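I opened a notebook page for this chain and set down what I looked up, in the order I looked.

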Amino acid sequence: MFDGIGELLLILVVVLMLFGSKEIPDIARFLGKTMAQLKNATNEIKSEIQKGARDNGMDIDSITGGISKEINKAKTEINQMTNPVENIDLGIENPIEKVKEDIENITGPIKRQS
């Protein structure tokens, strides 16, 4: 939407010049109330659609569950492609932990300095 902070600042300056500092809190309050009403209206519409679907015998969970399952599958695949090193099991955690425990047994707990 905005290419940079400069454009946002320019818009804020124009709004300040047009409405003045006394009107901005009223405008913000109005926008907040409007957004809350819009959110409530969309939630009511969503609940009415779900209620109608339940009344007609449709299984909403299977519809949305399938979409969620596909989204999670895609996320997992993307994470595996972008972070291949994290997904490789080198089998070196156990020897490293064993050596760390041996060192702690000999010298005491390792204290990290901040």
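The entries below go from the model as a whole to single residues.

Entry 1, the model. I am working with a predicted model, in which local features need pLDDT of at least 70, side-chain atom pairs count only at pLDDT 80 or more, and totals for chains, interfaces and linings use all residues. Residues are numbered from 1 along each chain as its sequence is written, and side-chain values use heavy atoms, with hydrogens and water left out.

I looked up pLDDT, the predictor's confidence in each residue, from 0 to 100. The chain has a mean of 79, and 76% of its residues reach 70 or more. Confidence in the chain is highest in α2, at 90, and lowest in helix α3 (residues 60–82), at a mean of 76.

I found four helices and zero strands, in the order α-α-α-α along the sequence. Helices (H or I, at least four residues) and strands (E, at least two) are DSSP runs, numbered from the N terminus.

I checked its length against the expected span, which is 1.5 Å times one less than the number of residues. The 32 residues of α2 (residues 24–55) should span 46 Å, and the end C-alpha atoms are 46 Å apart, so the two agree. After α2 comes G57, with a positive phi near 85 degrees.

I noted an accessible surface of about 10,800 Å² for the chain, 61% of it belonging to carbon and sulfur atoms; areas come from the Shrake-Rupley method with a 1.4 Å probe, and for residues only the protein chains shown count as cover. Of the 114 residues, 2% are buried (buried is under 20% relative accessible area, exposed over 50%, partly exposed in between).

L10, I11, V14, V15, L18 and F19 make a nonpolar surface patch of about 540 Å². Patch residues have over 30% relative accessible area and no salt bridge; like charges are joined within 9 Å, nonpolar side chains (Val, Leu, Ile, Met, Phe, Trp, Tyr) within 5 Å. I placed V14 in helix α1 (residues 5–19); V14 counts as partly exposed because its relative accessibility is 38%.

How many salt bridges does the structure hold? I found one, taking a side-chain nitrogen of Lys or Arg within 4 Å of a carboxyl oxygen of Asp or Glu. D26 pairs with R29, the closest N and O atoms being 2.8 Å apart. Both lie in helix α2, three residues apart, about one turn of the helix. D26 is partly exposed at 40%, and R29 is partly exposed at 48%.

Technical notes. Buried means under 20% relative accessible area, exposed over 50%, partly exposed in between (1.4 Å probe, protein chains only).
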